[in-house]
Amino acid sequence: MTNKGTANFIAQRASAALLAPLALWFLWSAVAHAGVSYEEMRAWIAGPAAAIPMGLLILVGALHMRIGLNDIIDDYIDSGARGVFKLLNLLACLGVAALGLWSLYVLSV
Amino acid sequence: MAASIAHRATGVALYSGTALLAVWAFAAAQGAAFFEPVGAFLASPVGVFILFGYTWALVFHTLNGLRHLYWDAGRGLDVKTARQTAWAVFAASIFVAIFVVAAGLSARG
C-alpha cells in the first residue's frame, strides 16, 4: 500500500505538470474556435496539432481525475465502502477516456 | 484553508464537467445534429453561466495546482506567503475566466 501511495503521489504531480499547459491549450482552442460550424470543428480536430494534444489531455486527464477522486474517497468515505466507490470511480474515468478517445478517433477520420 | 477546500471542490466540479464534455464529444461524433444546438445553448444565459463555472474551475484548479507543485518543491510554505499566493490565485482565476469567456463570446459574434 505504501508503494502504491507513493506511485499515486508522483503520478498525480507528473500528470498535473502535463495538464497545466494542456489546459491552457484547451481554453485557448475553445476561444479560437467558438461558434465554428460542425465541418470547421472536424477539420480542426483532424489535424495532428489538435488531435495529439487532445488525445493526451483525455488520457492524462482521466488518470488525474481517478487519483484525485480516490484521494477524496480515502478522506471522506468509511473504509468498508471505499472499494465500491473506488471501483465506480475507475469505471467512470475509464468511461470518460473511452468516450473521449473514441469520439476523437471518429471525428478525426 | 479556503483555497484547499476550493481545490477539492473545483476538482469534483471538473470531474463532472469533463464527464459531460465527453458525452457531448460522443454525441458530436454521431453527426452535426447534436453539435450546433449545444453550441447555441452555450451562448444562452444558462450556457454562459455553465461555461464560466467550468472555465473558472479549470483556471483555478490549474493555478492552485501550480501552487501545490511550488509547495512540493519546498517553497512558499510560510503562512504569509501561502496566504498571499492563495489570494493571487483567486484573483487571477476570476480575471482569467472572465477574460476567456468574454473573448469566446465576442469571437463567436
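This is a guided tour of a two-chain predicted model, stop by stop.

**Before you start**

Residues count from 1 along each chain as its sequence is written, while chains are lettered from A and ligands numbered from 1 in the order in which they are written. Because the model is predicted, local features need pLDDT of at least 70 and side-chain atom pairs count only at pLDDT 80 or more, whereas totals for chains, interfaces and linings use all residues.

**Stop 1: chain A as a whole**

You will find 4 helices and 0 strands, running α-α-α-α from the N terminus on. Here helices (H or I, at least four residues) and strands (E, at least two) are DSSP runs, numbered from the N terminus. The C-alpha trace of chain A spans about 50 × 25 × 20 Å along its principal axes. Its radius of gyration is 17 Å, while a compact globule of 109 residues would have one near 13 Å. That radius is taken over C-alpha atoms, and the globule rule is 2.2 Å times the number of residues to the power 0.38.

How much of chain A is buried? Buried residues make up 21% of its 109 residues. A residue is buried if 20 or more other C-beta atoms lie within 10 Å of its own, exposed if 12 or fewer, and partly exposed in between, with C-beta atoms placed from the backbone.

**Stop 2: α2 against α3 in chain A**

Now select residues 38-46 and 48-76 of chain A, which are helices α2 and α3. Their axes are 5 Å apart and the helices pack at an angle of about 75°. Axes are lines fitted to C-alpha atoms, for helices over the stretch in contact, and angles run from 0 to 180 degrees between N-to-C directions. α2(A) and α3(A) are therefore roughly perpendicular to each other; the scale calls angles under 35 degrees roughly parallel, over 145 roughly antiparallel, 65 to 115 roughly perpendicular and the rest oblique.

Show side chains for W44(A), I45(A) and A46(A) in α2(A), which meet A50(A), A51(A) and M54(A) in α3(A). Contact means that the C-beta atoms of two residues, placed from the backbone, lie within 7 Å. The residues of this contact divide into 6 nonpolar, no polar and no charged. In this scheme Ala, Val, Leu, Ile, Met, Phe, Trp, Tyr, Cys and Pro count as nonpolar, Asp, Glu, Lys and Arg as charged, and the others, Gly among them, as polar.

**Stop 3: α2 against α4 in chain A**

On the α2(A) side, pick R42(A), I45(A) and A46(A); on the α4(A) side, pick L104(A), L107(A) and S108(A). By class, this contact has 4 nonpolar, 1 polar and 1 charged residues.

While you are in helix α4 of chain A, click on Y105(A). Is Y105(A) buried or exposed? Y105(A) is exposed, with 12 other C-beta atoms within 10 Å.

**Stop 4: chain B and its first helix**

Switch to chain B, which has 4 helices and 0 strands. Of its 109 residues, 24% count as buried. Its C-alpha atoms fill a box of roughly 55 × 25 × 20 Å, taken along the principal axes.

Zoom in on α1(B), which has 28 residues and reaches 39 Å from its first C-alpha to its last, close to the 40 Å expected at 1.5 Å a residue. The expected span is 1.5 Å times one less than the number of residues. Buried residues in α1(B) include T10(B), L14(B), Y15(B) and T18(B). What covers the buried residues of α1(B)? The cover includes α3 and α4 of chain A together with α2 and α3 of chain B. Just after α1(B), stop at G31(B), which takes a positive phi of about 145°.

**Stop 5: where the chains meet**

Finally, show both chains together. Here 28 residues of chain B are in contact with 24 residues of chain A. On the chain B side, α1, α2, α3 and α4 each supply at least two residues, and α1(B) gives the largest share, 11 residues. By class, that side has 16 nonpolar, 8 polar and 4 charged residues.
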